[in-house]
Amino acid sequence: GVAILGGVSRRGRWLVPNSFTAFAFMGGIELDMRDANFAERTVTIHVTAIMGGVEITVPEDATVRVTGIGILGAFDDSSSEALTAGGPTIIVSGVAFMGGVDIRRRPPKRDKLDQRRARELG
């Protein structure tokens, strides 16, 4: 996704490719992967944030590795450890120059969680 002086959002059901590039120049990108499908068990997100921001929301079962660096900016990984096993591995690399990258873990949206439980109960 590319955001130049604007915003881009990917959420809901979408296919996360094995390699995804997010470029934000004085703009913002939101990547919500809680309901996404993954092309591979391991995906890499290459981030460049220049005076902009990228917000990445990962599913509860994802393993997250962050190798990005901040130059007058920050890579903030508040995702902690995976709450359940068996999910994808998400590698976030890149650079934040006078910008920020925020990685966090959140549970599925309430209605999605209720739908999933209903399917499991049959």
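**Ground rules**

I worked from a predicted model, where local features need pLDDT of at least 70, side-chain atom pairs count only at pLDDT 80 or more, and totals for chains, interfaces and linings use all residues. Residues are numbered from 1 along each chain as its sequence is written, and side-chain values use heavy atoms, with hydrogens and water left out.

**Entry 1: the open sheet**

I began with the strands (DSSP runs of E, at least two residues, numbered from the N terminus). Five of them form an open sheet in the order β2-β5-β8-β13-β11, and the pairing is parallel. Two strands pair here if DSSP finds at least two bridges between them. Which strands stand at the edges? They are β2 (7-10) and β11 (74-77); each has a single partner strand, so one side of each is left without a neighbour in the sheet. I noted an average twist of 5° from one strand to the next. Angles like this run from 0 to 180 degrees between N-to-C directions, with axes as lines fitted to C-alpha atoms.

Next I went through pairings in this sheet. β5 and β8 run parallel and are joined by five bridges, with Asp32 opposite Thr57 in β8. Between β8 and β13 I found six bridges, again in the parallel sense; there, Ile56 has Ile103 in β13 as its bridge partner. β11 pairs with β13 in the parallel sense over four bridges, and Asp76 stands opposite Asp102 in β13.

A reminder to myself: strands of a sheet pair through backbone hydrogen bonds, either parallel or antiparallel.

**Entry 2: the nonpolar core**

For this entry, a nonpolar core is a set of buried Ala, Val, Leu, Ile, Met, Phe, Trp, Tyr and Cys residues joined through side-chain atoms within 4.5 Å. Buried means under 20% relative accessible area, exposed over 50%, and partly exposed in between (1.4 Å probe, protein chains only).

The largest such core has 26 residues, and those with the most contacts inside it are Met33, Val47, Ile56, Ile90 and Val101. β7 gives the most, with four residues.

I took a second look at Val47. Which residues does Val47 touch, once neighbours within four places in sequence are left aside? Its contacts (heavy atoms within 4.5 Å) are Ala22, Val54, Ile56, Phe75, Val92, Ser93, Gly94, Val95 and Val101.

**Entry 3: salt bridges**

I counted three salt bridges in the structure, each a side-chain nitrogen of Lys or Arg within 4 Å of a carboxyl oxygen of Asp or Glu.

- Glu30 and Arg11 meet at 2.9 Å, N to O. Glu30 lies in strand β5 and Arg11 in the loop between β2 and β3 (15-16), so the pair ties together parts that are 19 residues apart in sequence. Glu30 is partly exposed at 23% relative accessible area, and Arg11 is partly exposed at 48%.
- Asp32 and Arg34 meet at 2.6 Å, N to O. Are these two buried or exposed? Both are buried.
- Glu55 and Arg104 meet at 2.3 Å, N to O. This pair links distant parts of the chain, with Glu55 in strand β8 and Arg104 in strand β13, 49 residues apart. Glu55 is partly exposed at 27%, while Arg104 is buried at 17%.

**Entry 4: Gly12**

Last, I stopped at Gly12, found in the loop between β2 and β3. Gly12 counts as partly exposed, with 29% relative accessibility. The C-alpha atoms of Gly12 and Asp32 are separated by 7.2 Å, although the two residues are 20 apart along the chain. Leaving aside neighbours within four places in sequence, I listed Asp32, Asp35 and Ala36 as the contacts of Gly12.
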